[in-house]
Amino acid sequence: MTVIEVQHLTKRYKDTLALDDVSVSFEKDTIYGLLGRNGAGKTTLMSILTAQNFGTSGSARVFGEDPYENARVLSRICFVRESQRYPEDALPTHAFRMASLFFPNWDQAFAEELIADFELPLKTRIKKLSRGQLSAVGVIIGLASRAEITFFDEPYLGLDAVARQLFYDRLLADYAEHPRTIILSSHLIDEVANLIERVVVIDGGRILLDDETDAVRSRAATIVGDQAAVDLFVTGREVIHRENLGRVASVTVLGDLTADDRAALQASDLDVAPVSLQQLVVRLTQHAARGAAKGDPR
Amino acid sequence: MIDEGRPLFVQIAESVEDSIVDGSLGDDDRAPSTNELAAFYRINPATAAKGVNMLVDKGILVKRRGIGMFVAPGARAALLAERREVFGARFVQPLLDEARALGLSPEDLVTLVRERADVPAPAPSPASAPATTPMEGLER
Amino acid sequence: MSRTLNVVRMQLANRETFVWVPLLILGSAFAISMIIWGILSSAGVTVNMYGGGAQAPLWYFVAVGVQALTLTFPFSQALSVTRREFFVGTMLTAALTSAILAAIFVVGGLIELATGGWGIGGYFFALDWLWTSGPLMAGLFFFMLTMTVFSLGFWAATIYKRWGALRLTAILVAISLVLLGAVWVITATRSWGSVMEVIVGSGVSGLTGVLTVLTVLLAGGAALALQRATV
């Protein structure tokens, strides 16, 4: 069941296109990874979906309706920004109390567990919290809101590796008990690769990839071996990365490898290395950037 | 534990199969639930579910309504049979290939295997040795 | 409706801004006036002394109006509150606090009148001119004045958020020019006498009416600007 439907959404700022004819949909009860570089358009897309920003053209429908000034729809969404502004002098407890007023599914007991887990100092004013503690406030609001659609926009900046793992663990555990749609934007792709069911890659305001994580993983492979043999094998395939070390070439290609392919590779004494999700996304975006630089009419 | 090579759900299914094969999960035992697997491997529950469903389709796990997921009777036997079939292609062939690259003949290989498995020099009755011994001798 | 009321609760969560500081300012202004009157009285002054200190918290309400937007709007957006709910809830909060201040003002004035200026002829609340139409009108005037000042701050902050400092300054300059122009015209036509007559003639109620119109204009302008404001 589709809960978010974006059709030909464009957002123009003076002469830059933050979003360029974006069409994508998000389903109920799924964890999505919204991946892309800084400035790729992730935050813009999420802002428009939550009516905090407005598209220039095209449409964005949440639960089938326009989210703008729509309390019925908005009360079922939570968007925790990367740099969320809080009422200056407020204490974290104030922020959580306010959140409890507006999110119908707010779970105070869960929030308190998370507060303990993240060791959040409740008596310190929000403006005096460290970057990590500030992120923890956002994460706690996002998780405890149990909103049917929850966006996390790089909310764990400032959290150390231990705290991040805590976030992932709590997220998964709560998602198992209370399935909902979660859209997680991140740079740390490999860290979240196992959490996300579907990957949406956005670059330069355009959707580069929109697929199941497992399908994406098997979509590329790195062929390593003697340069001539590698080049022969990859003719006709879409190459997204190439490296050379002496006579050894390492080429990343898109496309599934059939059984025949694998036999051919073995026969030519070429190695196949898997491509991690992070590598794939990085290579894809670099590839797209090169295409754009060459004036590729994409 | 989890590698990049094959789809996650396949790896999850295989790890459950491994537990059945090595005996830690016996026939008719309760299998780990989707959520338990997801939490343990730190993966999305839907991925874990896919792996579990794959095993259900294969007949290794069986769903008992209202109670949960259980190891199907005869699952271990079925898995052993399946794995023995691919054993040759999966383990022996790479062994032969590597041996050839190093200049070792098949006879050299047999000697090496015997040494490691601590089996004395040939008494010509392959049927007398229990089928599981050579497997136990091999390093996994 | 309950979400709008929750916006009120959200704004009031910061009790310092909306309640304590205004009361503190009022209290200190009052205390200072009393001390001064005490000194004057003991020095032998017997005429009625009028203090203008009651207007002290008003200036702070400009800041309250500004903060009501800048501090709380971004967070309200994160909590998925609509702009309409935020606007109405914030104005309700302003009305609530203005009403409380106005009530204090009226009660204080009544006490003053009853005690003949705290026994020393010192009038902080019950300023003659304001009370000509009675305590209720005085209270209404004070309420409306506070609302206008709050709306001014809220409006300015909203314009700033939507269009930035440059446009806000431009608008303020434009308004100032219009006012200066009006002053110039009145002076040139020597109409100050008639203008004064109109102002004094309309009395407290008239002035309250003007303030109401001002509040509506400012608040309305803020609401419109808020429609497409982004965080």
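Student: How many bridges join strand S10 to strand S12 of chain A?
Tutor: There are 7 bridges between S10 (residues 220-226) and S12 (residues 248-254) of chain A, and the two run antiparallel. Strands are DSSP runs (E, at least two residues), numbered from the N terminus, and two strands pair if DSSP finds at least two bridges between them. This is a predicted model, in which local features need pLDDT of at least 70 and side-chain atom pairs count only at pLDDT 80 or more, while totals for chains, interfaces and linings use all residues. Residues are numbered from 1 along each chain as its sequence is written, and chains are lettered from A and ligands numbered from 1 in the order in which they are written.

Student: Which residue of S12(A) is the bridge partner of A:Ile223?
Tutor: That partner is A:Val251.

Student: And what about S13?
Tutor: S10(A) also pairs with strand S13 (residues 271-274) of chain A, in the antiparallel sense, over 4 bridges. There, A:Val224 has A:Asp271 as its bridge partner.

Student: New topic: how is chain A divided into domains?
Tutor: Domain 1 covers 2-215 and domain 2 covers 218-293 of chain A; the bounds come from an automatic or database domain assignment. Their C-alpha centres lie 34 Å apart.

Student: How many residues are in contact between domain 1 and domain 2 of chain A?
Tutor: In chain A, 13 residues of domain 1 are in contact with 10 residues of domain 2, where contact requires C-beta atoms, placed from the backbone, within 7 Å.

Terms used: Contact = placed C-beta atoms within 7 Å.
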